[in-house]
Amino acid sequence: MAGTIDARLAAGLSGLGLALAPGQVEALLGLVRELADWSARFNLTAIRDPAEVVDKHLLDSLAVLPHLKGLTIADIGTGAGFPGLPLAIADPDRRFTLVESTGKKANFVRHAAKVLALPNVEVAQARAESYRPARPFDSVIARALGPLAEFVRVAGHLAGRGGRLLAMKGKVPEAEIEALPAGWKVVAVHPVAVPGLDAERCLVEIGKV
């Protein structure tokens with residue numbers, strides 16, 4: 001199984017055009033192992049099969065890497081660390097703050113960041129709407145955080161001047177885009193192709209008007 005997962009990840013990284021160092025690839029594989037270990041004891045994610053973790057967690061996360069803006073990134077409602085942990089592994093020059101209110105999930109993310117030696121990761125155990133960092137972020141990303149208007153409501157205050165909210169979505173959410181609150185606009189909708197997934201994906205980039 002390990003060889004299969006290695007090959008699956010290597011093929012996926014190639015499909016994304018990402019040339020990572022051996023240590024980074026090993027860290028991604030280590031994340032798969034740590035997630036499997038913790039998920040056997042705690043209900044961290046519904047996705048347990050390692051091959052599915054590679055496709056639906058690692059590669060799905062890494063597919064948005066080209067669209068990050070700036071040096072400081074907040075991952076809102078990171079859950080078990082996605083997309084934040086894979087992005088932090090692949091891009092050590094950026095700083096990632098992973099925001100998660102559920103204790104067991106925040107504990108896992110702290111553990112994984114320590115075990116995988118990710119000094120560019122900070123974990124904030126908090127609800128996004130009540131989180132007040134010392135400084136706002138260049139990019140605020142979220143996966144599966146509900147409608148775009150809700151994303152703006154709970155996390156809009158975390159984006160700095162010229163910052164972006166980045167919402168990971170399936171099909172282009174036309175109705176949600178129309179329902180954005182005043183003061184916000186869609187800057188771009190980026191199509192995202194995830195190797196191994198036969199599903200439509202996009203990243204909606206939102207900015208202040």
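Why are glutamate 52 and lysine 56 separated by about one helical turn? The two are four residues apart in helix H3, which spans residues 50-62, so about one helical turn lies between them. Glutamate 52 and lysine 56 also form a salt bridge. The model is predicted. Across the whole structure, a search finds 12 salt bridges. This briefing covers several of them, then turns to asparagine 120.

**The pair in helix H3**

- In the salt bridge of glutamate 52 with lysine 56, the closest N and O atoms are 2.7 Å apart.
- Glutamate 52 has 32% relative accessibility, so this residue counts as partly exposed.
- Lysine 56 is also partly exposed, because its relative accessibility is 33%.

**Other salt bridges**

- Aspartate 37 pairs with arginine 41 in a salt bridge. Their closest N and O atoms lie 3.1 Å apart.
- The relative accessible area of aspartate 37 is 40%, which means that this residue is partly exposed.
- Lysine 169 forms a salt bridge with glutamate 176. Here the closest N and O atoms are 2.9 Å apart.
- Lysine 169 is buried, because its relative accessible area is 15% and the cut-off for buried is under 20%.
- A network of salt bridges links Asp60, Arg143 and Arg201.

**Asparagine 120: position and burial**

- Asparagine 120 sits in a loop. That loop runs between helix H5 (103-115) and strand E3 (121-124).
- The relative accessibility of asparagine 120 is 5%, so this residue counts as buried.

**Asparagine 120: what the side chain reaches**

- The side chain of asparagine 120 reaches the backbone oxygen of alanine 88 at 3.2 Å.
- The asparagine 120 side chain also reaches the backbone oxygen of arginine 94, at 3.1 Å.

Terms used
Residues numbered from 1 in each chain as written. Predicted model: local features only at pLDDT ≥ 70, side-chain atom pairs only at ≥ 80, totals over all residues. Heavy atoms only, no water. Buried < 20%, exposed > 50% of the residue type's maximum accessible area, 1.4 Å probe, protein only. Polar contact = N/O pair within 3.5 Å; in protein donor to acceptor, adjacent residues only side chain to side chain. Salt bridge = Lys/Arg side-chain N within 4 Å of Asp/Glu carboxyl O.
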